[in-house]
Amino acid sequence: MTLSLLRRSLIAAATVAATIAAPAFAQTKIPLRISTPAVPDDWHGKMWTVFKESLDKSAPGEFDVQINLNASLFKQGTEPAAMARGNLELSSISAFDIAKIVPEFSIFTAGYIVRDPQHQQKVFAGPVGKEMFKLASEKMEVTILTPIYLGTRQVNLREARNVKTPADLKGVKLRMPGSKEWLFLGEALGATATPLAFGEVYLGLKTGTIDGQDNPLPSVRAAKFYEVTKQIVMTNHLVDGIFIAIADKTWKAMSPAQQAKVKAAADAAAAFNNDNRLKEEAQIVDFFKQQGLTVTTPDVEAFRKSVQAAYATSDMAKTWPAGMLDRINNTK
Ligand code: KDO
């Protein structure tokens, strides 16, 4: 065999070996399936693109981020169960979802406890948040990566009416998401709470199967509920939060470096949502007025008193950790 022939056969043999061995070395991407009821135009829908872009940059080729909006993969509220079963890796779960399994968490579903977005931020970032997130993580097989400000919930009605106090909502079929904690909030506002998934609210308002719904105003805009309603009542009844959570099985299988990158991506997504949502909330009322809606201010103190009394005497409040309400109230 000549020298060049020998070289060529060696190269050929090496190529075959490399081809055979390749699959063993090929890096398998970690799938990160996301499911959320958020609509594409809402900030907590758009934030997942920020999450994906952040990971694609910090960990190229390591993760396969799959974003499913509009509850297209899992129904609203079923995400924690899907995560525990291993069918879903990530979601933004609500305090209401958590409260179903961790009753103590229902303190964050109660109206007029968290005062404003800054208060929420301080509560979640401080010892109260740390304790409560740990409790949720332990009982739910998920890890809470970061809290998100969903916005301050307002009442949005199909037909305009004079609403000053909870008594003025008597008989109003107010759509709420379908869990007992949500329905409690709707009833505490004085309305007849009617369960319905977020994706069905637009049609419900259009056809009149419901008289109204409650949501933060950026979501009222993004989901176009203003097209089928006539009034917004600025009750400010719940400074709402959701939480980017990841299935424990996925989280624990990651290296510390991967965990740090996923956490940083979740923080970037949260910051994007929070900044944009706060900015939009500060000037969105004009948008609704331009759309022909009336925006009214009720007697918020009357709502606060009545809603707080409903919670104080509820069975739900008995599940709140001792002293927790005072600790939240005293967070400045
Ligand atoms: C809703 O169904 O009203 C709600 O605002 C509840 C939240 O917890 C959250 O699920 C949200 O919908 C969706 O993300 C859609 O914006």
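The legends below describe close-up views of a predicted model. In this model local features need pLDDT of at least 70 and side-chain atom pairs count only at pLDDT 80 or more, while totals for chains, interfaces and linings use all residues. Residues are numbered from 1 along each chain as its sequence is written, and side-chain values use heavy atoms, with hydrogens and water left out.

**View 1. Residues around the ligand.** The shell around the ligand includes Pro37, Ala38, Gln76, Ser94, Leu150 and Trp182, each with a heavy atom within 4 Å of the ligand. By class, the shell residues are six nonpolar, four polar and two charged. Here Ala, Val, Leu, Ile, Met, Phe, Trp, Tyr, Cys and Pro count as nonpolar, Asp, Glu, Lys and Arg as charged, and the others, Gly among them, as polar.

View 2. A polar contact is a pair of N or O atoms within 3.5 Å. A polar side-chain atom of His44 is 2.7 Å from a ligand oxygen atom. For Arg175, an N or O atom of the side chain is also 2.7 Å from an oxygen atom of the ligand. The distance from a polar side-chain atom of Asn215 to a ligand oxygen atom is 2.6 Å.

**View 3. Phenylalanine rings.** Ring pairs join Phe105, Phe108, Phe124, Phe133 and Phe243 into a cluster; rings pair if their centres lie within 6.5 Å. Phe105 and Phe108 are both buried, that is, under 20% relative accessible area (1.4 Å probe, protein chains only). Phe124 and Phe133 are buried as well.

How values were computed: Polar contact = N/O pair within 3.5 Å; in protein donor to acceptor, adjacent residues only side chain to side chain. Buried < 20%, exposed > 50% of the residue type's maximum accessible area, 1.4 Å probe, protein only. Phe/Tyr/Trp six-rings, centres within 6.5 Å; stacked < 30°, edge-to-face > 60°.
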